[in-house]
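Subject: Structure handover

Hello,

Here is the structure I promised to pass on. My notes follow below it.

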Amino acid sequence: GPRMFQKTSIIVADILPGTPISKVGAMAFYYAINLKEIFIPNDIETLYISQDGGVFEGCNLLESVVFEENSRLENAGYGTFWNCSSLKELYLPNSVKTIGRHFVRGASNLEVFSFGASFEYFTMFGAEPDSSHMWVFYDCKKLKRVYMPATFALLDDEYAFNDYVAK
């Protein structure tokens, strides 16, 4: 549920495969400041879409995000990895179709990001496609590579790569 592990001292979190969970609630791991690793099983379809706060927002020691093979994750919401400053690489599974505003904003050490083959559009809060002021990579100052599918065309947001300097 929402805020389930907020501000806990948990270090490694495995969401167990085969559990009857398809969504991870808003701010579930919000500022779980000691969290270093997360395993997301293929049962999860949504990382909650809300403006309340990202599922892993503020997990500044988070280094590893592993998605189980054959992931069914389709939607990842607002600020999911906002201020996850230890994250260096993030490869979304091919099943992801939408991501929300501020998705990896403030992931200041992020160097590589991959959207996955099925990515379609950015969204505000699970609504229609939107590309205005998404600030997806804002403050990702070490970003070197972004992989996106050839079919993706909706990236006209002047703020998407704010503070991004190609190296």
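Start with lysine 97. Beyond its neighbours within four places in sequence, lysine 97 is in contact with Glu74, Ser118, Phe119, Glu120 and Tyr121. Contact here means heavy atoms within 4.5 Å. The C-alpha atoms of lysine 97 and glutamate 74 are separated by 5.1 Å, though the two are 23 residues apart along the chain. Lysine 97 sits in the loop between E7 and strand E8 (98-100). Its relative accessibility is 30%, so lysine 97 counts as partly exposed. The classes are buried (under 20% relative accessible area), exposed (over 50%) and partly exposed in between, with a 1.4 Å probe and protein chains only.

Before the rest, two notes on the source. This is a predicted model: local features need pLDDT of at least 70, side-chain atom pairs count only at pLDDT 80 or more, and totals for chains, interfaces and linings use all residues. Residues are numbered from 1 along each chain as its sequence is written, and side-chain values use heavy atoms, with hydrogens and water left out.

Overall picture

The chain has eleven strands and zero helices. Both are DSSP runs numbered from the N terminus: helices are H or I with at least four residues, strands are E with at least two. Of the 167 residues, 46% are buried. Take the contacts between residues at least 6 apart in sequence: 61% of them join residues at least 24 apart. The chain exposes about 8,000 Å², and carbon and sulfur atoms supply 47% of that area. Areas come from the Shrake-Rupley method with a 1.4 Å probe; for residues, only the protein chains shown count as cover.

Proline 93

Proline 93 lies in the loop between E7 and E8. Proline 93 is buried, at 13% relative accessible area. Setting aside neighbours within four places in sequence, its contacts are Phe67, Ser71, Leu73, Phe115 and Gly116.

Charges

The structure holds one salt bridge. The term needs a side-chain nitrogen of Lys or Arg within 4 Å of a carboxyl oxygen of Asp or Glu. The partners are aspartate 43 and arginine 72, at 4.0 Å from N to O. They are 29 residues apart and link distant parts of the chain: aspartate 43 is in the loop between strand E3 (37-40) and strand E4 (46-47), arginine 72 in the loop between strand E5 (64-67) and strand E6 (75-76). Aspartate 43 is buried at 14%. Arginine 72 is partly exposed at 43%.

There is also a surface patch of positive charge, made of Lys88, Lys142, Lys144 and Arg145. Patch residues have over 30% relative accessible area and no salt bridge; like charges are joined within 9 Å, nonpolar side chains (Val, Leu, Ile, Met, Phe, Trp, Tyr) within 5 Å. Lys and Arg count as positive, Asp and Glu as negative; His and the chain ends are not counted. A charge is placed at NZ of Lys, CZ of Arg, CG of Asp or CD of Glu. Lysine 142 is in the loop between strand E10 (121-123) and strand E11 (145-147). Lysine 142 is partly exposed, at 39%.

Backbone

Which phi values are positive in a residue other than glycine? Tyrosine 31 has one near 50°, and asparagine 83 has one of about 60°. Tyrosine 31 is in the loop between strand E2 (23-24) and E3. Asparagine 83 is in the loop between E6 and strand E7 (89-91).

Best wishes
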